[in-house]
Amino acid sequence: MIAPRTVLTRLLTHPAFILAAIAALFFGCSWLSGGTVQILTFLMLNILLAQSMNLLTGIAGQISLGHAGFYGMGAYASGILMKTAGLPFVVSIPLAAAIGALSGYLVSFPAGRVREFYLAMMTLAFGLIFREVVREWDDLTGGAVGLSNVPSTTLKNLSVFGVTLDAIDYFRIVVIVTAIVMWLVHNFIQSRHGRAFYAIHASEVAAGCLGIPRAGTKRQAYTIGAGMAGLAGGLYAHMIGYLGPESFDLARSIEVLVTTVVGGLGSMAGQILSAIVFTFLPEKLQVFAQYQFIVYGAILAFSLILLPRGLAGLLLLPPRFIKPASLRRAGTAGVAIRPVDSDRNAALVVEGVTMRFGGLTAVDDVSLELHPGRITALIGPNGSGKSTLVNVVSGIYQPTAGAIRFFGESITGLPDHRIAGKGLLRTFQDPRLVPRFTVRENLLLGAHRRYRTSGLAAALSLPSAVREEATFLASVDAVTRMAGIADVADRPLESLPYGYRRLVEVGRALLAEPRAVLLDEPAAGLSEAEMALLARMIRAMKDAGLMVLLIEHHMDFVAELVDDVVVLDSGRVIYHGDIEGMRKSPAVIEAYLGTSETEAAHA
Ligand code: ADP
Ligand code: MG
């Protein structure tokens, strides 16, 4: 038996159903009363707003407490541009979206420097300031009295190309615009851009180490989200012909946020359901007008407790981040690891690196080199500074002293995504993946930096974008076969046992087509069989000419694989050489308190 959620999801997302729904709205509206058409127009705008908030909050994990401000920017921009400057509707609406987008971009500009919380506060401040400016700037906005006589269907003075529009024409335009925007957003989400948004949401550190720039990605999310809100605002302006500051206050921002949360963060279909509820509910609540926000608060609390994934979580399957069309086109001819062309400078050189945290010296004047086609083990007791060294080399920490060169070029202190961009990839001691993504979606994140097609190409689902995605999906297939995880490729990672996370994380690094990989305890928690698969992957990296750094405690595992060994103790290199020499080294034996080497190795 097929689960009801599967049936509902398949139905609601089936192109035939969607086209039928659009056609029903488009043609059916002529039988509806004027009041109903108006509220349906308003519903479309609420859907647009919820989709915009969903992209920003549900997908990218960024909060906006000033969405009514972006909405209002668009509304006043289009209203004023048409009324005062006499611009045509087809120009003022795109400008409303552009002005919304610009406000979003400017508000998020400090994204690289400030923490999440401050960014949310920036949006709150923006919303509050917007409202005050509207109220005070009488000449332009009509102040507290509002802006009336905006060309609109209600006043019968809105025309496009010489044709005067009535409420039904306007509704049809809004339906088509909403449908097109949702199609674009849907394509965008199911591309590497949407996956990057979600990766930033799940773990900024992991995203950075895959070459996804965190500040740029957040700014992009705010810009697109605010642009959509501006578009919705522009369309709102010409519905009734009047704009008043109270339509764009904090309460409105909160309402949009509540709609999105109740719909289910991340789900586009959930947003439609929720927008329907929140468009018709206030009508029903007229009697309790002054208690409206108590009701909203109660709904929010109720939904957070009972429906943590919103209406969508209750009714629909979780959203996916790969276009089925790309999946169907993906061949099987992908390569898991492309051989690296080596050049004279090919080496990762760590020179005298020191990392202090306050009084604690975690890494103390460490030097080592990695070379193509060689596996170097980094060994040492817990707390000896191994992970810290990887964090410094991969750009998560700025070293207190020392230099790092990769292919002859200094990468000391570069941000993590720039270092990943040069082909230096790492995995984490505690795997950092996107639990809600499938194995395949997680793996595709690795290929992020290799894509060439733009966000616009992805949104328009241009053949070039579909083809590129299909190429990388073929490589993903090759990696899943190599890692022995092909049979679970379409399972969400959170539903799989722990060992898979390690294999997926190593596979994800391979999809970046790295020139060097730093593996932080990749075998920890793996079964014997999984360890054999991991060893196969590491050997393939060596054969392809990658530089490999392997942090590992299992001596048997290490002994079979490695060419060189570096032993750390309290942040210092106490041994550098081959594995035989390490076994005899007095310093190493001493560091492990004179215990026998096998015990030591498992310490
Ligand atoms: P290993 O990976 O070899 O087990 P780590 O590199 O994780 O060791 O840790 C080395 C030392 O640095 C430990 O004493 C640890 O507590 C300390 N350390 C690591 N990261 C930080 C940090 N962000 N702030 C303060 N101390 C840290
Ligand atoms: Mg560690």
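Which residues are the closest to ligand 1? I looked this up in a predicted model, in which local features need pLDDT of at least 70, side-chain atom pairs count only at pLDDT 80 or more, and totals for chains, interfaces and linings use all residues. Residues are numbered from 1 along each chain as its sequence is written, ligands are numbered from 1 in the order in which they are written, and side-chain values use heavy atoms, without hydrogens and water.

Entry 1, ligand 1. I found 13 residues around ligand 1, the closest being Gly383, Lys386, Ser387, Thr388 and Tyr397 (a heavy atom within 4 Å). I then listed polar contacts (N or O pairs within 3.5 Å). A polar backbone atom of Gly383 is 2.7 Å from an oxygen atom of the ligand. Ser387 places a polar side-chain atom 2.8 Å from an oxygen atom of ligand 1, and Tyr397 places one 3.0 Å from a nitrogen atom of ligand 1. I noted that the protein covers 63% of the 560 Å² of accessible area that ligand 1 has on its own (Shrake-Rupley, 1.4 Å probe).

H17 (386–393) and strand S4 (360–370) each give two or more residues to the shell (DSSP runs, helices of at least four residues and strands of at least two). H17 has the largest share, 3 residues.

I read 26 residues (34–59) and a reach of 36 Å from first C-alpha to last, close to the 38 Å expected at 1.5 Å a residue (1.5 Å times one less than the number of residues). H3 has 21 of its 26 residues buried, so it is largely enclosed by the rest of the structure (buried: under 20% relative accessible area, 1.4 Å probe, protein chains only). Gly61, with a positive phi near 75°, follows H3.

How values were computed. Buried < 20%, exposed > 50% of the residue type's maximum accessible area, 1.4 Å probe, protein only. Polar contact = N/O pair within 3.5 Å; in protein donor to acceptor, adjacent residues only side chain to side chain.
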